[in-house]
Amino acid sequence: MSSSNDQLTLRIRRIIDFRDARDWKQFHNPKDISISLVLEATEVLEHFQWKNKEEMEEHIKKNKDSIGEELADVLYWILLMCHDLKIDILAALDDKLKKNEQKYPVEKARGNHTKYNKL
Ligand SMILES: [Mg+2]
């Protein structure tokens, strides 16, 4: 059985193979990849624009596949950028989670949305 790290590596390989088969690396630089990442994130946001809590819940029920597709688009650009910049995203995530655990200690942050510098 393969680890989740192996699974991630396979997906990154698939993304890069997809790009290489189309000779698109020439269009990819950190700025334009970042723009693509943000544009895809706004497509996630678009699902919820102008909806109140009840409307969002209903929308999620009916559009889970489409929302998942937009989230996959965001992840695609994240993984592509991590590949190109040689960033180990799982290690970066682990480091960031550790920092967040320190910035937001449970005893201060539980049930409280105040930013860490105001806790
Ligand atoms: Mg999209």
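Mentor: What follows is a set of questions and answers on a predicted model.

Trainee: Into which domains is the protein divided, and how far apart do their C-alpha centres lie?

Mentor: The division gives domain 1, residues 4-87, and domain 2, residues 91-119. Taking the C-alpha centres of domain 1 and domain 2, the separation is 25 Å.

Trainee: At what angle do helix H1 and helix H3 pack?

Mentor: Two packed helices are described by the angle between their axes and the distance between the axes. Helix H1 covers residues 4-22 and helix H3 covers residues 53-84, and their axes are 10 Å apart. The angle at which H1 and H3 pack is about 90°.

Trainee: Is H1 roughly parallel or roughly perpendicular to H3?

Mentor: The angle between H1 and H3 is about 90°. Angles of 65 to 115 degrees count as roughly perpendicular. Therefore H1 is, relative to H3, roughly perpendicular.

Trainee: Is His28 buried or exposed?

Mentor: His28 is placed in the loop between H1 and H2. Its relative accessibility is 17%, and under 20% counts as buried. So His28 is buried.

Trainee: Which residue makes a side-chain polar contact of 3.0 Å with His28?

Mentor: Leaving out residues up to four places away in sequence, His28 touches Arg19, Ile33, Trp77, Leu80 and Asp84. A polar contact of 3.0 Å joins the side chain of His28 to that of Arg19.

Trainee: How far apart in space are His28 and Met81, C-alpha to C-alpha?

Mentor: In sequence, His28 and Met81 are 53 residues apart. In space, the C-alpha to C-alpha distance between His28 and Met81 is 8.9 Å.

Trainee: Which residues does Glu70 touch, not counting residues up to four places away in sequence?

Mentor: Glu70 is found in helix H3. Glu70 counts as buried because its relative accessibility is 13%. Beyond four places in sequence, Glu70 touches Glu40, Glu43, Val44 and His47.

Trainee: What is the relative accessible area of His59, and which residues does His59 touch beyond four places in sequence?

Mentor: His59 lies in helix H3. The relative accessible area of His59 is 15%, so His59 is buried. With residues up to four places away left out, His59 touches His47, Lys51 and Ile67.

Trainee: How far apart in space are Lys61 and Ile35?

Mentor: Lys61 lies in helix H3 and is exposed, with a relative accessible area of 66%. Lys61 and Ile35 are 26 residues apart in sequence. From C-alpha to C-alpha, Lys61 and Ile35 are separated by 29 Å.

Trainee: Is Asp32 buried or partly exposed, and which side chain makes a polar contact with its side chain?

Mentor: Asp32 is found in helix H2, residues 30-46. With a relative accessible area of 28%, Asp32 is partly exposed. The polar contact of the Asp32 side chain, at 3.0 Å, is with the side chain of Lys31.

Trainee: What is phi of Trp50, and where is Trp50 found?

Mentor: Most residues other than glycine have a negative phi. Trp50 has a positive value, near 70°. Trp50 counts as exposed because its relative accessibility is 77%. Its place is the loop between H2 and H3.

Trainee: What is the phi of Lys86?

Mentor: Lys86 is placed in the loop between H3 and helix H4 (89-103). At 74% relative accessibility, Lys86 counts as exposed. Although Lys86 is not a glycine, its phi is positive, at about 55°.

Terms used. Residues numbered from 1 in each chain as written. Predicted model: local features only at pLDDT ≥ 70, side-chain atom pairs only at ≥ 80, totals over all residues. Heavy atoms only, no water. Axes fitted to C-alpha atoms, helices over the stretch in contact; angles between N-to-C directions. Helix = DSSP H or I, 4+ residues; strand = E, 2+ residues; numbered from the N terminus. Parallel < 35°, antiparallel > 145°, perpendicular 65-115°, else oblique. Domains from an automatic or database assignment. Buried < 20%, exposed > 50% of the residue type's maximum accessible area, 1.4 Å probe, protein only. Polar contact = N/O pair within 3.5 Å; in protein donor to acceptor, adjacent residues only side chain to side chain. Contact = heavy atoms within 4.5 Å.
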